[in-house]
Amino acid sequence: VSTQSTGDAARVQMVFGLFSGGDKTLKRSKKKKFEPGTHKYEIHKYAKTTLGVLDLRLAVRQPEKTLLNDWLAVHVQDFFNQIMMVHGLIESRMTEEAFPQMSAGPVASYLWMDPQNEKYKKPTAVSAATYCECLFLWVERQLDDKALFPNAGPYNEGAFFSAVKNIFKRLFRVYAHLYYSHYEYVCSIGADAHINTCFKHFILFAKEFELIPDKELQPLEELIHNLLSNHECDE
């Protein structure tokens, strides 16, 4: 493993410190935490530790003695926290006037739907700001649902995996919007290396467990190819 690959992993940890003191994040959604002393807390600590010492491609792999569902559940929460902080960098720029519809530039437009919300029972065009607000509240609701994400005990296999894939698919859209509409700004404040590493970590995990369909990744297909190709060259 090269020094550069290990450096990429370290950037994922650094991003938390970089963003936590930056622009505001959505007040409705607070950083989700695991209860100390629980099995998932230990998995979370292990995952954070390996980021500092392992190449990202190795860091996303399921440890031998860890159940797949626990590994997925911990990372859903960790990536949710991470993407909220990434979003915090651009939140003040996402005005209704500038971005009246959630999109990945001209390549894709995203509608919001939530069967449990009377206003969004059908796919509805919303602004980028509203989409992210609805998304973070929706993910938080999924994570708080102990029928989907139990603190301990068995998972509802079908419902759990479906929820994980849906969460990953929707979180990806925040990155898609950022890269098409805010990347110049991200570069201007010197956060591009951190953002790229966070996204690479997210994509490597999603691909390792086939969580996002290829058609959903198409808006960033070239970027993903370049990031992963460079990652392989660094090894």
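How are H5 and H6 oriented to each other, roughly parallel or roughly antiparallel? The close-ups below come from a predicted model.

**View 1. Helices H5 and H6 packed together.** Here we're looking at H5, residues 128-144, against H6, residues 157-181. Angles over 145 degrees count as roughly antiparallel, so that's the label for H5 and H6. The crossing of this pair is left-handed.

**View 2. Who touches whom between H5 and H6.** On the H5 side, the contact is made by Ala-128, Tyr-131, Cys-132, Leu-135, Phe-136, Trp-138, Val-139 and Gln-142. H6 answers with Asn-166, Ile-167, Arg-170, Leu-171, Arg-173, Val-174 and His-177. Sorted by class, that gives 10 nonpolar residues, three polar and two charged.

**View 3. Glu-210 in the loop between H8 and H9.** Glu-210 lies between helix H8 (192-208) and helix H9 (214-217). Check its backbone: phi is near 50 degrees, a positive value in a residue that isn't glycine. Glu-210 has 66% relative accessibility, and so counts as exposed.

**View 4. Leu-68 and its contact with Phe-209.** Leu-68 belongs to helix H4, which covers residues 68-90. With a relative accessible area of 34%, Leu-68 is partly exposed. Setting aside neighbours within four places in sequence, Leu-68 is in contact with Gln-62 and Phe-209. Leu-68 and Phe-209 are 141 residues apart along the chain, yet their C-alpha atoms are separated by 9.5 Å.

Notes:
Residues numbered from 1 in each chain as written. Predicted model: local features only at pLDDT ≥ 70, side-chain atom pairs only at ≥ 80, totals over all residues. Heavy atoms only, no water. Axes fitted to C-alpha atoms, helices over the stretch in contact; angles between N-to-C directions. Helix = DSSP H or I, 4+ residues; strand = E, 2+ residues; numbered from the N terminus. Parallel < 35°, antiparallel > 145°, perpendicular 65-115°, else oblique. Left-handed = near helix turned anticlockwise from the far one by under 90°. Contact = heavy atoms within 4.5 Å. Nonpolar A, V, L, I, M, F, W, Y, C, P; charged D, E, K, R; others polar. Buried < 20%, exposed > 50% of the residue type's maximum accessible area, 1.4 Å probe, protein only.
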